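Me: I have a structure here that I have not seen before. Can you walk me through it?

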Amino acid sequence: MDKEEALGDFLKGLRIAINNSLAYSRQHPYFLKNSQDFKEKIEAAFKFLNSIRVDVASETIFLEGKDWQKLAFSSELANILHQRKIKSVEFKPGLTVNEVADFLSLLSLQPKEIIKNI
């Protein structure tokens, strides 16, 4: 796996993880498995990057300074994050599955609730 493939898989994993977090509660076994699967995508990306920062615009996302609009789900992912007033998110090494689950659980909230919980 090369860097671009790992980063594309990471973004796809983020999109899937967000979808699943919207469908399942924090305690649901599928939510927990989803968090573990996404953590594995993060770890694969860490083989190429020291930290992973995703910048969000209203219709696209940027990773490593590159516009990932070419990915079919990029605008949908950008829209979800943008609606939640998220301008960027950064993942750093040492991240635990529980922290990933907390992040995904937070994203499942309405924008007003996210602000209250930060």
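This is a predicted model: local features need pLDDT of at least 70, side-chain atom pairs count only at pLDDT 80 or more; totals for chains, interfaces and linings use all residues.

Reply: Helix α2 (residues 29–46) and α4 have axes that come within 9 Å and cross at roughly 110°. Axes here are lines fitted to C-alpha atoms, for helices over the stretch in contact, and angles run from 0 to 180 degrees between N-to-C directions. Helices (H or I, at least four residues) and strands (E, at least two) are DSSP runs, numbered from the N terminus.

Me: Left-handed or right-handed crossing?

Reply: The crossing of α2 past α4 is right-handed. A crossing is left-handed if the near helix is turned anticlockwise from the far one by less than a right angle, and right-handed if clockwise.

Me: Which residues make the contact?

Reply: From α2 they are F31, N34, S35, Q36, F38, K39 and I42, and from α4 they are V97, V100, A101, L104 and S105. Contact means heavy atoms within 4.5 Å. By class, the contact of α2 with α4 has seven nonpolar residues, four polar and one charged. Ala, Val, Leu, Ile, Met, Phe, Trp, Tyr, Cys and Pro count as nonpolar, Asp, Glu, Lys and Arg as charged, and the others, Gly among them, as polar.

Me: Which residues of α4 are buried?

Reply: In helix α4 (residues 97–107) the buried ones are V100, A101, F103, L104 and L107. They cover an arc of only 160° around the axis, so they sit on the same side of α4. The arc is that of the directions from the helix axis to the C-beta atoms. Buried means under 20% relative accessible area, exposed over 50%, partly exposed in between (1.4 Å probe, protein chains only).

Me: And which are buried in α3?

Reply: The buried residues of α3 are S74, L77, A78, I80 and L81. Their arc around the axis is only 160°, which puts them on the same side of α3. The buried residues of α3 pack against α1, β1 (52–56), β2 (61–63) and α4.

Me: How do α1 and α3 pack?

Reply: Helix α1 (residues 3–23) and helix α3 (residues 74–83) have axes 10 Å apart and pack at an angle of about 55°. α1 and α3 are therefore oblique to each other, and their crossing is left-handed. α1 contributes L11, L14, R15 and I18 to the contact, and α3 contributes E76, L77, I80 and L81. In that contact of α1 with α3 there are six nonpolar, no polar and two charged residues.

Me: R15 is in that list. Is R15 buried or exposed?

Reply: R15, found in helix α1, is buried, with a relative accessible area of 6%. Not counting residues up to four places away in sequence, R15 touches F73, E76, L77 and I80.

Me: New topic. Where is F46, and what does F46 touch?

Reply: F46 is in helix α2 and is buried, at a relative accessible area of 13%. F46 touches S51, I52, F91, K92 and P93, not counting residues up to four places away in sequence.

Me: What about S51?

Reply: S51 is in the loop between α2 and β1. S51 is partly exposed, with a relative accessible area of 25%. Leaving aside neighbours within four places in sequence, S51 is in contact with F46, E90, F91 and K92. S51 and P93 are 42 residues apart in sequence and 6.6 Å apart in space, C-alpha to C-alpha.

Me: Last one. Which residue just after α3 takes a positive phi?

Reply: K85 does, with a phi of about 65°, although K85 is not a glycine. K85 lies in the loop between α3 and β4 (88–91) and counts as exposed at 61% relative accessibility. E64 also has a positive phi, near 60°, and is a residue other than glycine. E64 is found in the loop between β2 and β3 (66–67) and counts as partly exposed at 45% relative accessibility.

Methods:
Residues are numbered from 1 along each chain as its sequence is written. Side-chain values use heavy atoms; hydrogens and water are left out. Angles under 35 degrees count as roughly parallel, over 145 as roughly antiparallel, 65 to 115 as roughly perpendicular and the rest as oblique.
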